[in-house]
Amino acid sequence: MRTEDFWQLIDEARAGGGGEPGPVAARAVALLAERDPEDIVGYARHQTRVLAASHKADLWGAAYLINGGASADGFEHFRGWLMTQGRAVFARAVTEPDSLAELPQVRAASLSGEEFSAERMLSVPWDAYRKATATELPADRDPVRTPDLNDFWDFDDEEEARRRLPRLAALFVEPPLE
């Protein structure tokens, strides 16, 4: 599956999923299950590459600020949510995590405390393959390696957050008055 096909499927799921992560994931499963099994395998490989490319310390820091904390699983689920926002938002957040401060829902979350997570989006290829074939998705023989983030910064360090993610820190380190 090509990058364009991967994101086009997500865009189709977004259009029919009402924008909420759960319905977007359900629609992505339904759309993907209509395709050939090798397309589903291709989607799974591409999703793995997308998640590996987004496994970055500053994006994890952004997720930590926005969600009021983010374990390794929480960061995965945050990136699942980020996928539901579409290619442009995802790509920009990977290269410039502080750009998430521009999203209206993130700005609103600084007041409401809403957290962003879409664990179900991460299981789309497995659910679609099972639905299409009644079997499990084959294991990838050439897995993508996830970057080691043992040198990530202390996300609780407010000064470091202000330095690395100034727009998000303005929203979440010292939330604006209502």
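Predicted model: local features only at pLDDT ≥ 70, side-chain atom pairs only at ≥ 80, totals over all residues.
Where is D98 placed?

**View 1. D98 sits in a loop and reaches a backbone nitrogen.** The loop that holds D98 runs between helix 6 (87-95) and helix 7 (104-112). Look for the polar atom of the D98 side chain that lies 2.9 Å from the backbone nitrogen of R167. Setting aside neighbours within four places in sequence, D98 is in contact with L165, P166, R167 and L168. L168 turns up again in the largest nonpolar core, as one of the residues that touch the most other members.

**View 2. Helix 4 is largely enclosed by the rest of the structure.** How many of the 11 residues of helix 4 are buried? The count is 9, so helix 4 is largely enclosed. The buried ones are A57, L59, W60, G61, A62, A63, L65, I66 and N67. They pack against helix 5, helix 6, helix 7, helix 10 and helix 11 (166-172). Just after helix 4 comes G68, which takes a positive phi of about 70 degrees.

**View 3. Helix 4 and helix 5 pack at an angle of about 90 degrees.** Helix 4 covers residues 57-67 and helix 5 covers residues 72-84, and their axes are 10 Å apart. The two helices are therefore roughly perpendicular to each other. On the helix 4 side, the contact is made by L59, W60, A63, I66 and N67. Helix 5 brings A72, F75, F78, R79 and L82. Sorted by class, this contact has 8 nonpolar, 1 polar and 1 charged residues.

**View 4. I66 and F78 touch one another.** I66 belongs to helix 4 and is buried, at 4% relative accessible area. Not counting residues up to four places away in sequence, I66 touches F78, L100, V106, E114, F116, L168 and F172. For a sense of distance, I66 and L103 are 37 residues apart in sequence, with their C-alpha atoms 11 Å apart in space. Now pick up F78: leaving out its neighbours within four places, F78 is in contact with L59, A63, I66, N67, L100, F116 and S117. Which residues touch the most other members of the 56-residue largest nonpolar core? They are Y43, F78, M83, L100, M121 and L168.

**View 5. S54 is buried in the loop between two helices.** S54 is found between helix 3 and helix 4. Is S54 buried or exposed? With a relative accessible area of 0%, S54 is buried. Apart from neighbours within four places in sequence, S54 is in contact with L59, F75, R79, F90 and V94. L59 also takes part in the contact of helix 4 with helix 5, as do F75 and R79. P21 is 33 residues from S54 along the chain, and the C-alpha atoms of the two are separated by 18 Å.

**View 6. Helix 3 and helix 9 cross at roughly 170 degrees.** The axes of these two helices come within 9 Å. That crossing angle makes helix 3 roughly antiparallel to helix 9.

**View 7. H46 is a buried residue of helix 3.** Helix 3 spans residues 37-53, and H46 has its place there. H46 counts as buried because its relative accessibility is 6%. Its side chain makes a polar contact with the side chain of R49, at 3.1 Å. Not counting residues up to four places away in sequence, H46 touches M1, T3 and F6.

**View 8. A134 has a positive phi although it is not a glycine.** The phi of A134 is about 60 degrees. A134 is placed in the loop between helix 9 (124-133) and helix 10 (158-164). A134 is exposed, with a relative accessible area of 70%.

Note on methods
Residues numbered from 1 in each chain as written. Heavy atoms only, no water. Helix = DSSP H or I, 4+ residues; strand = E, 2+ residues; numbered from the N terminus. Polar contact = N/O pair within 3.5 Å; in protein donor to acceptor, adjacent residues only side chain to side chain. Contact = heavy atoms within 4.5 Å. Core = buried A, V, L, I, M, F, W, Y, C linked by side-chain atoms within 4.5 Å. Buried < 20%, exposed > 50% of the residue type's maximum accessible area, 1.4 Å probe, protein only. Axes fitted to C-alpha atoms, helices over the stretch in contact; angles between N-to-C directions. Parallel < 35°, antiparallel > 145°, perpendicular 65-115°, else oblique. Nonpolar A, V, L, I, M, F, W, Y, C, P; charged D, E, K, R; others polar.
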